[in-house]
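I opened the model to look up two things.

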Amino acid sequence: LNDSIEGPDYFAKSGLNSAGNPTTGFKYIEKFNRLVNTWKDILLNSETQTDLTICYSPAMRKMDFLGAKSCLDDNNPASSAPGGDSFDAEPGLNKEAASAGHDWLDGYENVSKQSVPPEAGVWNKFRELVILCSRLNLAFDLLDLTNPNKSPGNGCLVIPNTGTIEKASIDYLLEHIDGGGKLLFFPTIPIYTTTGETDLRLVERSGVKLVEQIRPAGGEILDYGSREIDFGGKPMAANGWLFIHEYPEDYNPVASYQEKTLIAGNSNLVVSGTDARFTSFASLELWKAVFESTLKIKPTVVSQDNYYYALFRSEESGELLTVMNLTGDTTPARIAIKDRNLEIKLELGVYESRCLPINTRLGNHQLLYSTSEIILSADQQYYEIHGGAGTEGCLVFDSPTKVKLSGQTLSTESTGNGHVITYLHQSQPIKLEP
């Protein structure tokens, strides 16, 4: 139980309070269940259309525990001059604490945090990559490289690493290349296995060689702020270690640091010497260039005029477009779906989300799209229209149609994009009888 204004109560998202009465959360749970049941055929027979795959493996966790082995080794033919490699990658334990712990435990259970260098935080790189993809509206799925759920050769794989990865993972990535798939490595390309052995197959295949590592800003007196990298003549900040590589001549440079190429690649493979993370609008432009201009990957759903995060799923009986206003900006956005002659103007309230039906049957009519959630009533006798109170909504059909909204019969108006009925969302659901 949690203390609240009204006294002890259950966790806010639960459906019942301590007295056994429905809470506000119950209303949302009940509404969600009805939404799922309304469109269950589409949900059960479709998958979210993804633009890329983010890879992970047990090595990412191990590197946070053990520290990353240095990729700059005089005895390793995959690297050359020591450059900025003057750090000790071994973890420094807090000897004053009762027991030594690990960074990911974050101080729980009376253990101290393990100190690892910034370059060894692969798990953090994974998390930041997820945030970046969400901000670029690139829909993604996940893949365990040591236990893959899809055959190699399909789509683009993104691999956060610090030069160490399982041999089985390297085997899979090589098969992916042979099958015509795309790869993005950051901030370097793997040259070691988790058993400490050198494995240069990815280096030999890509032709990319690590030559220098640049410490993050803040390691020396007056060395403050961020490293400044150049992207198309525009300066932008980069945090974390910078990995400088030598690239084949046919790789297209995207960004540089002090006239040294930092990110380069072609339509099949990119190696970035800096982390893929969202730090500013400039960083969005940089990574948009990496994905769209270099790797030729464009998001399935594009949001213009305002940033809405969107996911799209499709099957024969219809499609669903889920849109979320994550920034809280109330400016309406235009949503376009790749390879479709369709643009939806959508107005969402602060942090509002909606699941919108597209190209599906609504009663006896073919609905092209809706900017409102449409949910069957509890007795399944009619539909309800849901949306943020005061925001504009519309139903767009493929032919002239009459429907009843809250008992009032309305006819569609013909436009260049279909036959439309517009309305304002209310604080209570609007009754829809198609």
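I count two strands as paired if DSSP finds at least two bridges between them. The model is a predicted one.

**Sheet**

I traced the strand order first. Five strands make an open sheet, ordered S19-S20-S26-S22-S23. Their pairing is antiparallel. I then checked the edges. S19 (373-376) and S23 (408-411) each have a single partner strand, so one side of each has no neighbour in the sheet. From one strand to the next, the twist averages 35°.

**S22 and S23**

I looked at this pair in more detail. S22 covers residues 402-405, and four bridges join S22 to S23. The two strands run antiparallel. Which residue of S23 is the bridge partner of Val-403? I found Leu-410 there.

**Helix on the sheet**

I next looked up what H1 (residues 24-38) does here. Helix H1 lies across S19 and S20, the latter spanning 383-386. H1 runs at about 90° to S19.

**Cysteines**

How many disulfides does the structure hold? I found zero. A disulfide is a covalent bond between the sulfur atoms of two cysteines. My cut-off for a disulfide is sulfur atoms within 2.5 Å. I repeated the search from Cys-156, and the closest cysteine sulfur is in Cys-55, at 8.7 Å.

Are these two buried or exposed? Cys-55 counts as buried because its relative accessibility is 0%. Cys-156 is buried too, with a relative accessible area of 2%.

Methods: Residues are numbered from 1 along each chain as its sequence is written. This is a predicted model: local features need pLDDT of at least 70, side-chain atom pairs count only at pLDDT 80 or more; totals for chains, interfaces and linings use all residues. Side-chain values use heavy atoms; hydrogens and water are left out. Axes are lines fitted to C-alpha atoms, for helices over the stretch in contact, and angles run from 0 to 180 degrees between N-to-C directions. Contact means heavy atoms within 4.5 Å. Buried means under 20% relative accessible area, exposed over 50%, partly exposed in between (1.4 Å probe, protein chains only).
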